[in-house]
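Trainee: I have the sequence and the structure open and would like to go through them with you. Could we take them one piece at a time?

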Amino acid sequence: MPTDTPDLVLDGCRPTPLASYLKSLAVLRLLGAHRRDLRASWRGEHFAIAAPGMDAKGILRFFLDEYAPTPAVSPWNGGSGFHSSDRTDALVTIERSADVRWAAYRRAIAAARGALAVLRLEAKPTDAKPALLRLCRATLPDEALAWLDACVVFATQSPAFMPLLGTGGNDGRLDFSNNFMQQLVRCLASDRRTESAHNLCQALFATADGPLAYSDASLGQFYPGAVGGPGSAAGGYEGTPTVNPWDYVLAMEGAMAFGGAVSRRLRSTGAGRHAAFPFTVAASAVGSAPLSEVEAAKARAEVWLPLWERPATWSEIQFLMSEGRAQWGGRPARDAVEFAEATVNLGVDRGIAAFARTALLERNGRSFLAVDLARVKVETFAGADALQDPEYRAWVERFRDVAARDRAPATWRAAWRVLESAIYQACAAPGQAPRGRLQRVLTALAGAHAAVASRVQRHGVPPIELGERWLDACGDESPEWRLAVALAGVVGRGAVPSLRAHIEPVRQRRSGGWEWDDRSRAVVWRDAIGLYGNLEAILAQRLMLAREDGLMTIDR
């Protein structure tokens with residue numbers, strides 16, 4: 001970027017709350033399509049843009065005079081403005097307007113009405129919703145597909161809804177597209193230009209040249225502080241939702257950057273298809289004090305919002321959002337643990353400096369709110385490639401899947417919680433010594449393995465086998481470590497097994513590797529007698545087996 005182009009900092013666009021982050025994407029997306037030389041980046045907690053000759057007045061002028069809204073229509077939802085019981089004033093205003101800025105919107109509304117007519121739907125569809133969604137995907141104009149693809153993806157026969165936009169562009173009874181149209185009509189009304197200019201200046205720069213005129217609309221999950229409800233008004237009384245209309249408009253425009261796609265994953269059982277929404281994973285309580293396991297189970301998802309420090313154009317960020325999903329083990333990351341592992345192993349675009357980890361939690365009845373969980377810095381560290389060890393990955397994934405079952409042993413579930421916390425902290429807690437991080441993972445891994453070894457029914461979880469990279473990553477040359485490595489290297493001969501067989505019921509296969517052996521006579525390890533007592537018991541057992549096998553004799 002030319003050095004003579006100063007950054008213009010947008011104080012109204014921050015990583016949190018979610019609505020503010022989405023505003024940032026909207027500015028880059030809309031202005032970037034208008035000015036392809038525009039670049040944007042995150043400067044700490046603020047969004048900054050730069051383009052030759054562009055200043056704050058130019059940005060305000062673009063949105064007030066040139067901005068043509070991206071059509072967002074949701075005829076598959078009740079409350080969308082397309083059904084008799086809906087609020088229809090904004091939709092009708094757009095439909096009847098002759099303003100060229102509404103041209104794409106008018107085409108989208110006409111196509112949506114046509115789809116409803118084809119299916120003979122006069123009320124909110126229920127069973128016909130998938131059919132209507134498919135018909136809209138085939139018949140809506142190109143300009144309207146950004147909204148549709150951000151709402152829903154057809155991974156299989158059933159639609160998959162993007163958690164960021166609820167269940168198809170709505171949060172309960174709150175339809176985002178109809179509210180978007182209402183706020184648009186207010187923001188672009190010619191007789192409200194002065195009011196709109198003040199609101200826009202506040203939305204982008206956190207300053208206003210005059211009085212603000214807020215709307216009683218609700219941004220729902222995107223802006224928890226403005227949803228109203230008990231305790232939201234002065235004195236602890238119940239307040240009503242309030243929002244800057246431009247905040248609403250830009251949040252919806254930004255949400256459209258999160259268009260989904262159908263991703264293919266290959267498993268040992270065959271190939272499958274699933275919806276992969278950008279940087280969206282299952283919610284997890286690991287590494288997050290505000291989130292309990294009960295809340296995580298009821299949450300819609302987590303969205304990891306990328307923050308980049310290197311100035312980038314909209315086309316670069318658009319590519320990142322469409323293809324730059326965090327990969328772990330050759331597939332999209334499924335939860336916070338895998339996402340954190342992907343960040344340190346460069347499974348995400350290298351230009352990302354950090355992620356704002358945000359959860360969509362069920363808080364007020366069946367409504368959802370976006371809650372900021374953590375800021376995760378993207379960095380790698382010495383020894384991080386141990387987390388890519390294929391034996392480690394395969395074992396952890398198998399144990400995780402079994403421990404997550406409803407009837408999994410309680411000790412397994414507890415061991416998994418300890419293990420996932422250790423993995424997350426190793427990847428998402430910069431500042432700790434790398435070896436210490438991985439040693440804690442190794443210790444938690446041993447605890448999980450011990451929980452498996454203690455049961456006869458192991459649900460297909462095999463004995464773990466780690467590669468040498470773990471030895472290199474965790475080794476600290478301390479006396480304790482050197483002694484542990486020396487003991488682990490004690491091999492077997494004849495009837496005397498390797499040292500591991502005295503600790504857990506395993507045996508070495510002739511073809512190599514380990515398998516469970518619950519009839520083994522070699523196991524003597526007992527937690528109750530401590531390390532020294534166990535080492536004595538192991539030595540005595542090995543001497544006995546050696547004598548029985550004729551490997552040694554004792555002269556009397």
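Trainee: Which residues of H14 are buried?
Mentor: Keep in mind that this is a predicted model. A residue counts as buried under 20% relative accessible area. In H14 that picks out Trp412, Ala415, Trp416, Leu419, Glu420, Ala422, Ile423, Tyr424, Ala426, Cys427 and Ala428.

Trainee: And how far apart are the end C-alpha atoms of helix H14?
Mentor: Helix H14 covers residues 410-428, which is 19 residues. The expected span is 1.5 Å times one less than the number of residues, so H14 should span 27 Å. The model agrees with that, as the end C-alpha atoms are apart by 27 Å.

Trainee: Staying with H15, which element gives the most residues to the lining of the largest pocket?
Mentor: Happy to follow that up! The largest pocket has a volume of about 1800 Å³, and of its 40 lining residues the closest to the centre are Ala446, Ala484, Ala488, Arg500 and Ile503. Helices H15 (434-453), H16 (468-474), H17 (479-488) and H18 (530-548) each give two or more residues to that lining. With eight residues, the one that gives the most is H15.

Trainee: What about Phe279: buried or exposed?
Mentor: Phe279 also has a positive phi, of about 55 degrees, without being a glycine. Its place is the loop between strand S9 (270-276) and strand S10 (280-281). The relative accessibility is 2%, so Phe279 counts as buried.

Trainee: Let's turn to rings. How are the planes of Tyr67 and Trp246 arranged?
Mentor: This is one of 20 aromatic pairs in the structure. The ring centres are 6.1 Å apart and the planes meet at 50 degrees. Planes under 30 degrees apart count as stacked and over 60 as edge-to-face, so this pair is tilted.

Trainee: How many residues apart in sequence are the parts that this pair ties together?
Mentor: Tyr67 sits in the loop between helix H2 (56-66) and helix H3 (89-96), and Trp246 in helix H9. Both are buried, Tyr67 at 1% and Trp246 at 0%. The separation of the parts in sequence is 179 residues.

Trainee: Which ring does the charged end of Arg300 sit over?
Mentor: There are two such contacts to look at here. Arg458 lies over the face of Trp516, 4.2 Å from the ring centre. For Arg300, the distance to the ring centre is 3.9 Å, and the ring is that of Phe368.

Trainee: One last item: what is omega for the cis peptide bond between Thr16 and Pro17?
Mentor: Pro17 is in the loop between strand S1 (8-10) and helix H1 (18-34). The cis bond joins Thr16 to Pro17, with omega at about -5 degrees.

Notes:
Residues numbered from 1 in each chain as written. Predicted model: local features only at pLDDT ≥ 70, side-chain atom pairs only at ≥ 80, totals over all residues. Heavy atoms only, no water. 1 Å grid on protein atoms, 1.4 Å probe; cavity = no way out; pocket = protein on both sides within 12 Å on 5 of 7 lines; lining within 4 Å. Points joined across faces, edges and corners; volume = space filled by probe spheres on them. Helix = DSSP H or I, 4+ residues; strand = E, 2+ residues; numbered from the N terminus. Phe/Tyr/Trp six-rings, centres within 6.5 Å; stacked < 30°, edge-to-face > 60°. Buried < 20%, exposed > 50% of the residue type's maximum accessible area, 1.4 Å probe, protein only. Lys NZ or Arg CZ within 6 Å of the ring centre and 35° of its normal.
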